[in-house]
Amino acid sequence: TGNGPRTGSFDDKVYGDGVSESAVHDALVNRTLLKVCRRGKQIWFQFSGEGPAVLFHFGMTGSFAVKGVPRMQYRSFTVSENWPPRFTKLELIFQRIPKSTQADEGEQESCVSVSFCDPRRLGRILLRHKPEDFPPVSLLAPDALNEMPCVPEFSALLRKSSAPVKVLLLDQNRVVSGIGNWVADEVLYHARVHPETPGCDMSDAQLSALHSAIKHVMLSSALHSAI
């Protein structure tokens, strides 16, 4: 783990709930990655055995880097090409499982290294048994990309509140999860809805247009690796 430029030290600001360095070590060593899950802005790695999953939230500047794979670059900050990258908070080293018993020695020994980087230290790393059953994941509204509510349900949720529609879209626990500031601006622009329009005052046509815009922007963004 690394604390900004102080590479090698444990960054207790990024690890939430008082998670200790030894707890992170014990939760990861000698376990097999089974799947990667996401809801809204929460991502978690599910491992074999009875230990916890590791939950990640990027905050403003968090990102994953994979050794040997070109990094995504951002306008506001650059992810280092060195390894491990600067501002690494957690490095995971996975040993590949050979596809067959006939795999050559090089394949058996090859590893994949994944780094979680966070220059501004606004992201969070948590340990959770069954993440979907506990906060923060259990509090999230349906995912805007994979679990988008139908138009009537979506409309009912927005019309429950007099808050501005953009505020409602940004609230991860209210209507849908996974929408950040730029996505909210984009979907409201496509739907031709003013961001300060109260949810309770939206017309059927506005709600239908907004629903379609969310689906379009989220899918297009995912296809271009923009979210």
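A nonpolar core is here a set of buried Ala, Val, Leu, Ile, Met, Phe, Trp, Tyr and Cys residues joined through side-chain atoms within 4.5 Å, where buried means under 20% relative accessible area, exposed over 50% and partly exposed in between, with a 1.4 Å probe and protein chains only. The model is predicted, so local features need pLDDT of at least 70 and side-chain atom pairs count only at pLDDT 80 or more, whereas totals for chains, interfaces and linings use all residues. Residues are numbered from 1 along each chain as its sequence is written, and side-chain values use heavy atoms, with hydrogens and water left out.

Of the 24 residues in the largest nonpolar core, Leu158, Val165, Leu169, Ile179, Val187, Leu210 and Ile214 touch the most other members. Helices H3, H4, H5 and H6 each supply at least two residues of this core, helices (H or I, at least four residues) and strands (E, at least two) being DSSP runs numbered from the N terminus. The largest share, six residues, comes from H6. A second, separate core of 19 residues includes Phe10, Leu28, Phe94 and Leu127.

The buried residues of H6 are Leu207, Leu210, His211, Ala213, Ile214, Val217, Met218 and Ser221. Seen down the helix axis, these buried residues fall within an arc of 165°, taken from the directions from the axis to the C-beta atoms, so they line one face of H6. They pack against helix H3 (151-159), helix H4 (165-170) and helix H5 (181-191), while Asp204, Ala205 and Leu223 are exposed on the other side.

Conventions:
Contact means heavy atoms within 4.5 Å.
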